[in-house]
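Please look over the sequence and the predicted model shown here before reading on. The notes that follow are grouped by topic.

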Amino acid sequence: MKLLGLSGSLESESKVQEAVRKALEHADQVSADVEVDLIRLEDYQLQFCDGRDPEMYEGDSRIVIDKIKEADALIIGSPIYRGAITGALKNLFDLLPEDALEAKVTGFIAIGEKSGHSYVIDHQLKPLAGYFKVHIVPSNVYVDDRHYSERELTDESIKKSLKRLGESIVELHEKIHGIGLVG
């Protein structure tokens, strides 16, 4: 199983990147069959979506699109700015072919300053996932500033939630593909 983490932050060593990495580490411990990779959008120069056929994008855009298409499951994280995911992450969703995520198990991590921004998972990320026809795990994670001390995640319940997210991704993927629900 190829599990791809995706950090929608353009900040190096962001809280989102660290949270996605932690969830990936937990998923990697569930099964020897799990192969994890992390895409940090800050490392790629993605083209802006201009409506062309996704197969026509080149360079870093092509690399990222192909990695996502090749993945079996994803953990997608984004900081929340102005009550929404980053523009860089939204642009990436716009670059993807409509079937790029179909039937992939996916989980979300969102990080904001305030607890009130937790709605972004339900009101922005889940509808995008629905459009792409993904299987969403129920253990998505929202983290805010009160869970940190000096940029270090200190909240034990959030640490457990990230662990559960990583485990849930693998478990749901195995259930779906183990009983032949998806080809």
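In strand 5, Ile 136 is the bridge partner of Thr 106, and this pairing belongs to the two bridges that join strand 4 to strand 5 (residues 135–136) in a parallel run. Strand 4 covers residues 105–112, and because eight of its eight residues are buried, strand 4 is largely enclosed by the rest of the structure.

**Other partners of strand 4**

- Strand 3 (residues 73–79) runs parallel to strand 4 and is joined to it by seven bridges, with Gly 77 standing opposite Ile 109.
- Strand 6 (residues 141–144) also pairs with strand 4 in the parallel sense, over four bridges, and here Val 141 is the residue that stands opposite Ile 109.
- Together with helix 3 (residues 87–95), strand 3 and strand 4 make a β-α-β unit that is right-handed.

**The cavity**

- A search of the whole structure finds one cavity of 30 Å³ or more, and the largest cavity holds about 30 Å³ of space.
- Among the residues that line the largest cavity are Thr 106 and Phe 108, together with Ile 76, Phe 93 and Leu 125.
- Helix 4 (119–131) gives the largest share of this lining, three residues, and strand 4 and helix 4 each supply at least two.
- By class, the lining of the largest cavity comprises nine nonpolar residues, one polar residue and no charged residues.

Key. Residues are numbered from 1 along each chain as its sequence is written. This is a predicted model: local features need pLDDT of at least 70, side-chain atom pairs count only at pLDDT 80 or more; totals for chains, interfaces and linings use all residues. Side-chain values use heavy atoms; hydrogens and water are left out. Buried means under 20% relative accessible area, exposed over 50%, partly exposed in between (1.4 Å probe, protein chains only). Two strands pair if DSSP finds at least two bridges between them. A crossover is right-handed if, with the strands pointing away from the viewer, the path from the first strand over the helix to the second runs clockwise. On a 1 Å grid over the protein atoms alone, a cavity is a set of points where a 1.4 Å probe fits but cannot get out, and a pocket is an open set with protein on both sides within 12 Å along at least five of seven lines; lining residues have an atom within 4 Å of a point. Grid points are joined across faces, edges and corners, and a volume is the space filled by probe spheres set on the points. Ala, Val, Leu, Ile, Met, Phe, Trp, Tyr, Cys and Pro count as nonpolar, Asp, Glu, Lys and Arg as charged, and the others, Gly among them, as polar.
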